[in-house]
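Have a look at it first, then read on.

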Amino acid sequence: MKRVLPAAAAFLLAACAGAPTVDTTYSALSQDSRIQFIVLHFTSTRFAESLETLTQGPVSAHYLVRDEPPEVYRLVDDSRRAWHAGESSWEGNTQLNASSIGIEIVNLGDRGGEWHEYAPAQIDAVVSLVAELARKYGVARDHVVGHSDIAPRRKIDPGPLFPWKRLAEAGLAEWPDAELVAIRRSTFEVTKPGAEWFQQRLGCVGYAVPRSGIFDADTRRVLAAFQMHFRPARFDGEPDAESAAMLDVLASTRAGDASWCSG
Ligand SMILES: [Zn+2]
């Protein structure tokens, strides 16, 4: 005898066809947050224009930190991808839009060689925001970077006036130990390392750098990005003893477990 489903049951079965029941009894040990990096930018435009660009244009960021007043706006939910990094690389990871939170800070950047100061209250807001995000997602200190770090050939933001040292003092970013830097600096003042050495150390710190063995234009740009971040008093890409010492100290903290550091 043919059995006929009641109309309501047939409807329910059809509705469920695309959505299977998922059993969540078991959970894998091997997992971490999709958010691995925090990338800082400056907008290079005033607030109104920045807001328009980041909400209506072909680029975006998760957060926009205004200068006056220092409000924090969320423009993209943390769980979704914002389009702020572009072609990018850090510690061997590429295409960082997929794995990062982007924070745009309203600042005019470089106008004819004059860099605009960040307002202290705005920096306070950035530090609090980075602290909250790093805590929430377990972002490591060496994964809090600037746009110029992950795209040194294209980008200069957040610029030489961004206070990376302050982020480091708050435990949110890396900074080389000053005493170790002083010791190594005196060594490098006697014998300056060659291009290959600089390229290897820059690679260890996280930068995508050519391994050409010569101080080509790309290597200088990467070294300039490093200097802008860690030694902003001069960022001309010249391989001086102080840069070498800072690089060496930072690279040596990574070398042990850094798969991208070989070579
Ligand atoms: Zn940027």
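## Ground rules

For the residue classes below, Ala, Val, Leu, Ile, Met, Phe, Trp, Tyr, Cys and Pro count as nonpolar, Asp, Glu, Lys and Arg as charged, and the others, Gly among them, as polar. The model is predicted, so to speak of local features takes a pLDDT of at least 70 and side-chain atom pairs count only at pLDDT 80 or more, while totals for chains, interfaces and linings use all residues. Residues are numbered from 1 along each chain as its sequence is written, and side-chain values use heavy atoms, with hydrogens and water left out.

## Pockets

A pocket here is an open set of points on a 1 Å grid over the protein atoms alone, with protein on both sides within 12 Å along at least five of seven lines; lining residues have an atom within 4 Å of a point. Volumes are the space filled by probe spheres set on the points, which are joined across faces, edges and corners.

The largest pocket holds about 330 Å³. Its lining runs to 20 residues, with Phe42, Thr43, Glu104, His147 and Lys155 nearest the centre. By class that's six nonpolar, ten polar and four charged. Helix H2 (47-56) and strand S1 (37-42) each put in at least two residues, and H2 gives the most, with three. (Helices are DSSP runs of H or I, at least four residues; strands are runs of E, at least two; both are numbered from the N terminus.)

The second largest pocket comes in at about 180 Å³. Its lining includes Glu87, Arg153, Arg154 and Ile150, and splits into four nonpolar, four polar and three charged residues.

## The cavity

A cavity is a set of grid points where a 1.4 Å probe fits but cannot get out. The lining has six nonpolar, one polar and four charged residues, and both strand S9 (144-146) and helix H8 (217-230) supply at least two.

## Nonpolar cores

A nonpolar core is a set of buried Ala, Val, Leu, Ile, Met, Phe, Trp, Tyr and Cys residues joined through side-chain atoms within 4.5 Å; buried means under 20% relative accessible area with a 1.4 Å probe, protein chains only. The largest has 31 residues, and Trp90, Ile150 and Val205 are among those with the most contacts inside it. Helix H9 (241-254) is one of the contributing elements and gives the most, with eight residues.

Conventions. Buried means under 20% relative accessible area, exposed over 50%, partly exposed in between (1.4 Å probe, protein chains only).
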